[in-house]
Amino acid sequence: QQQQQQQQQRAAEGLLCTRSTDAEYIARRGLEAYRRYQSHGCSSIFDWKGPIYPCRVYLRHCVLAARKAGQEENFLDNTFLFDRLTTLRQYLAQNPEIMNELPPQDLAQRYNG
């Protein structure tokens, strides 16, 4: 019982979104992992130039995670697209169907599907 109490005291929920660079990714994960992205036609992961939009299924997943953490309003109003002007709230208002799209079956449980 003491061990269970200690585990409950250490358990916490969190949500973290951070920025990075391709160089940091390579240093952390290795060049081979980075090249897997390139094999799908991506020239960059983090050092992208120009318009880029969130993966629709992953965006839905992030919104649901923020909702579960009680931070949905903050997340929608203080997270911006590549232009640094458009909030996620505005983007989702223009694309409301995103919140109804289900993830692929193999990711459904992981992405709250």
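Read along the sequence, the chain follows the pattern α-α-α-α-α-α. That is six helices and zero strands. Helices (H or I, at least four residues) and strands (E, at least two) are DSSP runs, numbered from the N terminus. This is a predicted model, in which local features need pLDDT of at least 70 and side-chain atom pairs count only at pLDDT 80 or more, while totals for chains, interfaces and linings use all residues. Residues are numbered from 1 along each chain as its sequence is written, and side-chain values use heavy atoms, with hydrogens and water left out.

Take the chain as a whole. Of its 113 residues, 25% are buried. Buried means under 20% relative accessible area, exposed means over 50%, and partly exposed lies in between (1.4 Å probe, protein chains only). Among contacts with a separation of 6 or more, 53% join residues 24 or more positions apart. A contact means heavy atoms within 4.5 Å.

Now turn to helix H4. This helix covers residues 56–68, 13 residues in total. After the helix comes Gly-70, with a positive phi near 75°.

Which residues of H4 are buried? They are Val-57, Leu-59, Arg-60, His-61, Cys-62, Val-63, Leu-64 and Ala-66. The buried residues of H4 pack against helix H5 (72–78) and helix H6 (88–94).

Ala-66 sits in H4 and counts as buried because its relative accessible area is 0%. Ala-65 is also found in H4. Ala-65 is at 24% relative accessibility, so it counts as partly exposed. From Ala-66 to Leu-76 the C-alpha distance is 8.9 Å. From Ala-65 to Phe-75 the C-alpha distance is 9.9 Å.

Glu-72 belongs to helix H5. Is this glutamate buried or exposed? Its relative accessible area is 18%, so Glu-72 is buried. Leaving aside neighbours within four places in sequence, Glu-72 is in contact with Val-63, Ala-66 and Arg-67.

Move on to the loop between H5 and H6, where Arg-84 has its place. The phi of Arg-84 is near 65°, a positive value in a residue other than glycine. Arg-84 counts as exposed because its relative accessibility is 67%.

Past H6, the chain carries Pro-103. This proline has a relative accessible area of 9%, so it is buried. Pro-103 and Tyr-58 are 45 residues apart in sequence, yet their C-alpha atoms are 8.2 Å apart in space.

Next, the largest pocket. Its volume is about 2,000 Å³. Of the 40 residues that line it, the closest to its centre are Thr-18, Arg-19, Ile-45, Phe-46 and Tyr-58. The elements that give two or more residues to the lining are helix H2 (22–29), H4 and H5. H4 gives the most, with six residues. On a 1 Å grid over the protein atoms alone, a pocket is an open set of points where a 1.4 Å probe fits, with protein on both sides within 12 Å along at least five of seven lines; lining residues have an atom within 4 Å of a point. Grid points are joined across faces, edges and corners, and the volume is the space filled by probe spheres set on the points.

Last, the cysteines. How many disulfides does a search of the whole structure find? It finds zero. Cys-55 is in no disulfide, and the nearest cysteine sulfur, that of Cys-62, is 9.2 Å away. A disulfide is a pair of cysteine sulfur atoms within 2.5 Å. Cys-42 is partly exposed, because its relative accessible area is 28%.

Note on methods:
The expected span of a helix is 1.5 Å times one less than its number of residues.
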